[in-house]
Amino acid sequence: QLQLVESGGELVQPGGSLRLSCVVAGDALEYYTMAWFRQAPGKEREGVSCITKSGAKTQYTDFVKGRFTVSRDNAKNTMYLQMDNLEPEDTGIYYCAADVLMYCGLDGTFATTKYDYWGQGTQVTVSS
């Protein structure tokens, strides 16, 4: 059973930066397409970014393009999300997700139902 554990979330001021990590256990990260999602209070979970198994291709939703960067280190079984120029609207619980069959970049990349494995989430709060 694949296990995902996120970390790195905290309170940060607008314009600040955070780096989230997602450590995977139970199997080799290289077999999985990975993604980041977030859920703001009272809202549905939404996709943020994804990355292919090799890390060669990434995709971002419009509201984070140019501010967030996803990466992965398969040797360390870890995925990252570098978040810069944070805005109050970025507040929420950030989740990492994994799936063997998904391909980052196709239609439906950010459909939550297509990912088999999820972490418990890490809270990001952007506020002055």
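A nonpolar core is here a set of buried Ala, Val, Leu, Ile, Met, Phe, Trp, Tyr and Cys residues joined through side-chain atoms within 4.5 Å. Buried means under 20% relative accessible area, exposed over 50%, and partly exposed in between, with a 1.4 Å probe and protein chains only. The model is predicted: local features need pLDDT of at least 70, side-chain atom pairs count only at pLDDT 80 or more, and totals for chains, interfaces and linings use all residues. Residues are numbered from 1 along each chain as its sequence is written, and side-chain values use heavy atoms, with hydrogens and water left out.

**Exercise 1. Determine which residues of the largest nonpolar core touch the most other members, and which elements contribute to this core.**

Solution. 
Step 1. The largest nonpolar core holds 26 residues, and M34, W36, L81 and M83 touch the most other members.
Step 2. Two or more residues come from each of β3 (18-25), β4, β5, β7 (68-73), β8 (78-83), β9 and β11 (122-126). Strands (E, at least two residues), like helices (H or I, at least four), are DSSP runs numbered from the N terminus.
Step 3. The greatest contribution, four residues, is that of β3.
Step 4. Another core, of eight residues, lies apart from the largest one; among its members are A35, F37, M102 and C104.
Step 5. For M34, contact means heavy atoms within 4.5 Å. Leaving out residues up to four places away in sequence, M34 touches L4, C22, V24, L29, S49, C50, I51, R72, M79, A97 and A98.
Step 6. As a general background, nonpolar side chains tend to be buried together in soluble globular proteins.

**Exercise 2. Characterise the two disulfides: which cysteines pair, and why is each disulfide right-handed?**

Solution. 
Step 1. The criterion for a disulfide is a pair of cysteine sulfur atoms within 2.5 Å; the structure holds two.
Step 2. C22 and C96 are bonded, with their sulfur atoms 2.1 Å apart. This disulfide is right-handed because the torsion about its S-S bond is about 65°. Since C22 lies in β3 and C96 in β9, the pair ties together parts 74 residues apart in sequence. C22 and C96 are buried.
Step 3. C50 is joined to C104, with an S to S distance of 2.1 Å. Here the torsion is about 70°, so this disulfide is right-handed. C50 belongs to β5 and C104 to the loop between β9 and β10 (117-118), so the pair ties together parts 54 residues apart in sequence. C50 and C104 are both buried.
Step 4. With the bonded cysteines numbered in sequence order, the pairing is 1-3, 2-4.

**Exercise 3. State the strand order of the four-stranded open sheet and locate its edge strands.**

Solution. 
Step 1. The order is β1-β3-β8-β7, with antiparallel pairing.
Step 2. The edges are β1 (3-7) and β7, each of which pairs on one side only.
Step 3. From one strand to the next, the twist averages 15°; axes are lines fitted to C-alpha atoms, for helices over the stretch in contact, and angles run from 0 to 180 degrees between N-to-C directions.
Step 4. Between β7 and β8, which run antiparallel, there are six bridges; D73 stands opposite T78 in β8.

**Exercise 4. Summarise the overall composition and dimensions of the protein.**

Solution. 
Step 1. The secondary structure comprises zero helices and 11 strands.
Step 2. Buried residues account for 45% of the 128 residues.
Step 3. Of contacts between residues at least 6 apart in sequence, 60% join residues at least 24 apart.
Step 4. The C-alpha atoms fill a box of roughly 40 × 30 × 25 Å along the principal axes.
Step 5. The radius of gyration, taken over C-alpha atoms, is compared with a globule rule of 2.2 Å times the number of residues to the power 0.38. For 128 residues, a compact globule would have a value near 14 Å; the protein has 13 Å, which agrees.

Technical notes:
Two strands pair if DSSP finds at least two bridges between them.
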